[in-house]
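Please keep the sequence and the structure in view while reading.

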Amino acid sequence: MRFNKTSLTGRIGALPSADCDTLDHYLADIAAHLSPPGPPEALSFTEPRSLLRALNFLDVTYELVFGEALVVPPPMDRSSLLALDVDDEAAYNSGLVVLTDILRDFKVPGRSPGSGLLRLEEHLADELPALDRNAVHQAVQLLDQIRVIRNSAVHPKPRPELAAAHNALGLGFPVRDFTAAWDSVRAHAERAVSNLQEAIQSARP
């Protein structure tokens, strides 16, 4: 906390502004911002088709609201990889490629940034005034961490954000158990895609 004895004003560096009507709420905001984040959650993935189903539900909901599809379905031999377990690094990387390609190719208006996923938040916020933008932002950011991991696996080079991306998806770094890592990636992706679908559904006019 920084305090000016002359003007009798102060602020907290980690919390430059706050909208609180009681001291308790103010202190709770301070605690939330200054507390370290909890450890990443490694999720299990028990239903092979659940990620594909979540992408389909998102696509259907988007089409109901906007009148056009969002997801560009890849060839069956590629999309089926999302429902398959992996047992080695090559299969793990192949699954990451398929998943990130699907997210990148979302049919969202505009050209910049180049990924449809990264254009999605602004597009939804512009079209849906009641959108829970925070939920959408968190889902998009988590899904984008999969791209970071995929790019580093396919095009190896030092990347300072690589450990953070693994951490966000509940993965150890470097990955040793590719079966468990793929399960966690798919489970986190399913949850994030479902959150996007629910945000669009809740905000539809």
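In this predicted model, the axes of α4 and α8 approach within 9 Å and cross at roughly 15°. Angles under 35 degrees count as roughly parallel, and α4 and α8 are therefore roughly parallel to each other. Their crossing is left-handed.

**Contact between α4 and α8**

- On the α4 side, the residues that meet α8 are E89, Y92, G95, L96 and L99.
- On the α8 side, the residues that meet α4 are F178, A181, W182, V185 and A189.
- Sorted by class, this contact of α4 with α8 has 8 nonpolar, 1 polar and 1 charged residues.

**Aromatic pairs**

- How many aromatic pairs are there in the model? The count comes to 2.
- One of them is formed by Y62 and F66, with ring centres 4.5 Å apart and planes at 35°, so this pair is tilted.
- Y62 and F66 both belong to helix α2 (residues 50–66) and, being 4 residues apart, are separated by about one helical turn.
- Y62 is buried, because its relative accessible area of 0% falls under the 20% cut-off.
- Y92 and F178 also form a pair: their ring centres are 5.5 Å apart and their planes stand at 50°, so the pair is tilted.
- That pair links distant parts of the chain, as Y92 is in helix α4 (residues 89–104) and F178 is in helix α8 (residues 178–203), 86 residues apart.
- Both Y92 and F178 are buried, and both are among the residues through which α4 and α8 meet.

- L84 is located in the loop between α3 and α4.
- Is L84 buried or partly exposed? Its relative accessible area is 46%, which lies between the limits of 20% for buried and 50% for exposed, so L84 is partly exposed.
- Apart from neighbours within four places in sequence, L84 is in contact with W182 and R186.
- The C-alpha atoms of L84 and W182 are separated by 9.6 Å, although the two residues are 98 residues apart along the chain.
- W182 is also among the α8 residues that meet α4.

**S79, in helix α3**

- S79 sits in helix α3 (residues 76–79).
- S79 has a relative accessible area of 11% and is buried.
- Which residues does S79 contact, leaving aside neighbours within four places in sequence? They are L52, P74 and V98.

**Cis peptide bonds**

- As background, most peptide bonds are trans.
- The bond from S112 to P113 is cis, with omega near -5°.
- P113 is in the loop between α4 and α5 (116–127).
- The bond from F173 to P174 is cis as well, with omega near 0°.
- P174 is placed in the loop between α7 (162–168) and α8.

**Overall make-up**

- The protein has 8 helices and 2 strands.
- Along the sequence, these elements follow the pattern β-β-α-α-α-α-α-α-α-α.
- The protein has 205 residues, of which 37% count as buried.
- Among contacts in the protein with a separation of 6 or more, 58% are between residues 24 or more positions apart.

Definitions and conventions
Residues numbered from 1 in each chain as written. Predicted model: local features only at pLDDT ≥ 70, side-chain atom pairs only at ≥ 80, totals over all residues. Heavy atoms only, no water. Buried < 20%, exposed > 50% of the residue type's maximum accessible area, 1.4 Å probe, protein only. Contact = heavy atoms within 4.5 Å. Phe/Tyr/Trp six-rings, centres within 6.5 Å; stacked < 30°, edge-to-face > 60°. Axes fitted to C-alpha atoms, helices over the stretch in contact; angles between N-to-C directions. Parallel < 35°, antiparallel > 145°, perpendicular 65-115°, else oblique. Left-handed = near helix turned anticlockwise from the far one by under 90°. Nonpolar A, V, L, I, M, F, W, Y, C, P; charged D, E, K, R; others polar.
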